[in-house]
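Please look over the sequence and structure below. A short briefing follows, grouped by topic.

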Amino acid sequence: MASRIIVSPPKLLKTLSHFTRPLNSSSSSSSIAVHLTDNSEPNIRRPPTATASSALNLDDSEKLFSSVPTTQLFRASANLHAAAIEPMVDFGTWLMKSKLMDVDVVRGAILGAIRHTFYEHFCAGEDAVSAVQTVRRLDHAGLRAMLTYAVEYAADNDSCDRNLDAFLHTVESSKSLPPSVSFVIVKITAICPKKLLERVSDLLRWQHKDPSFNLPWKLDTLPIFSDSSPTYHTLRKPEPLTPQEEHDLQLGHQRLQKICQKCVEANIRLTVDAEHSFVQPAIDYFTYSSAILYNRDDNPIIFGTIQCYLKDAKARLLLASKAADKMSVPMGFKLVRGAYMSSESKLASSLGFESPIHNGIDETHECYNDCASIMLEKIANGPGALVLATHNVESGRVAVAKAQDLGIGKVHQKLQFAQLYGMADVLSFSLRNAGFQVSKYMPFGPVEMVIPYLLRRAEENRGLLSASTLDRQLIRKELKRRLMAAVF
């Protein structure tokens, strides 16, 4: 139990005055970090029971944060406000990418500072044991976990095998936690060498351009491309895979199938993360070929991810979904907006092509909401399942209204919402209170391994009008309310 700190009311009121500015009425993306990573079990109240007929309530801070101790709200507020200071984020990002990280003393100091701030804020722990403890505490707040070993890339088969062991251990650790763990997440780039995935993606693109192009190693799959999918990554006819590359590709399939089989035995669903467009065709190929093997009886175990900031997202979703229906494969999809906007646009521009990303944020919102609506109607009346991963309040409201109209609610195992751990907890708690299943995407692993993930989170939270604006405002409101209640 943390030691108690006594501060005089006048001094505490002065300290909190910075956190009590008026709320912004905007309904844009929201986030708040609520830590559940202390070593001791928090003394918290269970969230109120709700039904799916309840409307989303984003104003009642007392009800939203009923399961969160005040000390954790303070820590969350401090971390999110630090992330909103752009010069601090710029300096930290530069520091983590600089050669100073090669100096042992400096590296140790930097990693230590990261560990006790942003790492604890956005990550579940350094290993599976600590991650499981965090999941248990998250369960007290009425939320579930999408657990992922945070390694992102592998360069060779030895690295892939080590990562495979870590993913299998994650599934094994999660077996003791159902239904607290809703999904285990895997990155194909961690179990198949990235260079090989680039080669496979090139070959798949060329076959899309020229259907007569033979790929003797290709397994049954769902459609990977639409007519509008960009192919500028592959401007020349690629060479066939060498015998060694075909062998390594088979090893990649075997690794994913071992994870799938482990998930089937544990009855835990598996989601394959989406990544950069230059390897995404190979990732979809891995995902869909495994889904054909393992998704049975209206119980999709393998879920693919659709990035709705891409112009061809809706068309690809429709093609894959219809093909799955025709093959009697119950397909699960996770809808996200996307996390590689800057690099995707730069790559297209460098090759002289138009960006694959929607021209404006409103188009991305429209695409996301359209895809969500299509899939909600599908799962309400047929096979499949859906994860709506969004930090956008308006998308949450639209999806809730649609789900309620279709009769999809709390007991409906085909739908759940998801947000990143440490972000968008205002939306998470409001969806929970409305009676929907809500999960938090929770990476774990050594601090150094998670740095690429943390850099993306820092970029999303930077600035006073960042993704965390609404959450920072509401946490100030709740801290002030609790202070006033304690004093008066």
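**Briefing**

Phe91 sits in helix 4 (residues 86-97). Helices (H or I, at least four residues) and strands (E, at least two) are DSSP runs, numbered from the N terminus. This is a predicted model: local features need pLDDT of at least 70, side-chain atom pairs count only at pLDDT 80 or more, and totals for chains, interfaces and linings use all residues. Residues are numbered from 1 along each chain as its sequence is written, and side-chain values use heavy atoms, with hydrogens and water left out.

- Strand 3 (residues 269-272) runs parallel to strand 4, joined by two bridges (DSSP pairing needs at least two).
- Thr271 has Phe303 of strand 4 as its bridge partner.
- From strand 3 the chain passes through helix 10 (residues 280-294) to strand 4 in a right-handed β-α-β crossover (clockwise from first strand over helix to second, with the strands pointing away from the viewer).
- Five bridges join strand 4 to the parallel strand 5 (residues 332-336).
- Phe303 has Gly332 as its bridge partner in strand 5.
- Helix 11 (residues 313-326) links strand 4 to strand 5, again as a right-handed β-α-β crossover.

**Thr170**

- Thr170 lies in helix 7 (residues 157-174).
- Thr170 is buried, at 1% relative accessible area.
- Leaving aside residues up to four places away in sequence, Thr170 touches Leu147, Tyr149, Val184 and Phe444 (heavy atoms within 4.5 Å).

How values were computed: Buried means under 20% relative accessible area, exposed over 50%, partly exposed in between (1.4 Å probe, protein chains only).
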